[in-house]
Amino acid sequence: MKDKLISYLNQLNHVNEDFQELANYAKIHNVPIIKAEGLNILKFLVIKNKAKRILEIGTAIGYSALSLASVFEGQVDTIERNPEMVKLAKANIEKYGYTYRINLIEADALLVDFSLLKDNYDLIFIDAAKGQYPKFFNMFAPLLAHSGIIVTDNIIFHESVLAETSSRLAKKIDEYNKFLSSHPEYRTIFLASGDGLAITFKKD
Ligand code: SAH
Ligand code: MG
């Protein structure tokens, strides 16, 4: 029943329509792309905040980068360390004609050359190795524009975050969520949509 409701809402939202082919590819090849419900919230934030610059950590095949690039006019910088994924993402970005607006940076985000990045992102989307979330946050949050937003994906991690036998990774995500929840400088709203999203912004 819940799945039916989600599909019903996704249809109303027209999510997945533009890049359905990539979503299908991801499903067949087990590439963990953002769920439609989460993507929809990201799109809303990008449009409503009139974003000009987005930074994404974890490109995979370029699905979320392309989906977000399609709803605004600005620039997406996206970092991916897996050469296989970089190859696929590059081909997809070219195929859909976004080479000039999506800047794919092949690097381990933890070692990325900061001179390739900007210092005023309206949205930072954290969606790479789940065990490194606090590191990504501490590294990239300083690049946020004054009224910018950080969105972190997979914060309920296939609902395993609460399981009694939760994995080491699920425990790390729980630690990250608590870190965000008690952060003195940032406020976070935790949503159950998709695989769970944390929406974080700087306190005044
Ligand atoms: N944002 C994509 C999905 C990303 S999946 C979408 O929703 O469409 C996570 C990706 O992060 C994987 O492709 C993985 O290779 C990459 N990744 C994991 N750790 C990384 C790191 N330290 N630096 C760069 N990329 C990383
Ligand atoms: Mg994700």
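Why does Asn92 count as buried? The answer is its relative accessibility of 12%, since buried means under 20% relative accessible area, exposed means over 50%, and partly exposed lies in between (1.4 Å probe, protein chains only). Asn92 sits in helix α5, which covers residues 83-95. Leaving aside neighbours within four places in sequence, Asn92 is in contact with Leu22, Ile61 and Leu66, where contact means heavy atoms within 4.5 Å.

A word on how to read what follows. This is a predicted model, in which local features need pLDDT of at least 70 and side-chain atom pairs count only at pLDDT 80 or more, while totals for chains, interfaces and linings use all residues. Residues are numbered from 1 along each chain as its sequence is written, chains are lettered from A and ligands numbered from 1 in the order in which they are written, and side-chain values use heavy atoms, with hydrogens and water left out.

**The overall picture**

The protein has 7 helices and 7 strands; these are DSSP runs numbered from the N terminus, with helices being H or I of at least four residues and strands E of at least two. Along the sequence they follow the pattern α-α-α-β-α-β-α-β-β-α-β-α-β-β. The radius of gyration is 16 Å, close to the 17 Å that the globule rule gives for 204 residues, so the protein is as compact as a globular protein of that length. That radius is taken over C-alpha atoms, and the globule rule is 2.2 Å times the number of residues to the power 0.38. Taken along the principal axes, the C-alpha atoms fill a box of roughly 45 × 45 × 35 Å.

Of the 204 residues, 49% are buried. Among contacts between residues at least 6 apart in sequence, 66% join residues at least 24 apart. The protein exposes about 11,200 Å², and carbon and sulfur atoms supply 54% of that area; accessible areas come from the Shrake-Rupley method with a 1.4 Å probe, and for residues only the protein chains shown count as cover.

**Inside the protein**

A nonpolar core is a set of buried Ala, Val, Leu, Ile, Met, Phe, Trp, Tyr and Cys residues joined through side-chain atoms within 4.5 Å. The largest one holds 35 residues, and Tyr63, Ile102, Leu123 and Val151 touch the most other members. Among the elements that give two or more residues to this core are helices α2 (20-28) and α3 (36-48), along with strands β4 (121-126) and β5 (144-153). A second, separate core of 25 residues includes Ile105, Leu117, Ile124 and Ile155.

Leaving aside neighbours within four places in sequence, Leu123 is in contact with residues including Leu42, Val46, Ile149 and Val151. Leu117 lies in the loop between β3 and β4 and is buried at 10% relative accessibility. Not counting residues up to four places away in sequence, Leu117 touches Leu55, Ile79, Ile105, Val112, Phe140 and Leu143. Leu117 and Ile105 are 12 residues apart along the chain, and their C-alpha atoms are separated by 9.4 Å.

**Helix α1**

Helix α1 spans residues 2-13 and includes Tyr8, which is partly exposed with a relative accessible area of 48%. Together with Leu5, Leu9 and Leu12, Tyr8 forms a nonpolar patch on the surface with about 410 Å² of accessible area. Such patches are made of residues with over 30% relative accessible area and no salt bridge; like charges are joined within 9 Å, and nonpolar side chains (Val, Leu, Ile, Met, Phe, Trp, Tyr) within 5 Å. Asn10 also lies in helix α1, and Asn10 is buried at 15% relative accessibility.

**Charged pairs**

Side chains of opposite charge can pair when their charged atoms come close. The whole structure has 5 salt bridges, each a side-chain nitrogen of Lys or Arg within 4 Å of a carboxyl oxygen of Asp or Glu. Here are some of them.

| Lys | Partner | Closest N and O atoms |
|---|---|---|
| Lys130 | Asp127 | 3.2 Å |
| Lys178 | Asp174 | 2.9 Å |
| Lys202 | Glu185 | 3.8 Å |

Asp127 and Lys130 are both buried. Lys178 and Asp174 are 4 residues apart in helix α7 (residues 168-181), and therefore separated by about one helical turn. Lys202 lies in strand β7 and Glu185 in the loop between α7 and β6, so this pair ties together parts that are 17 residues apart in sequence.
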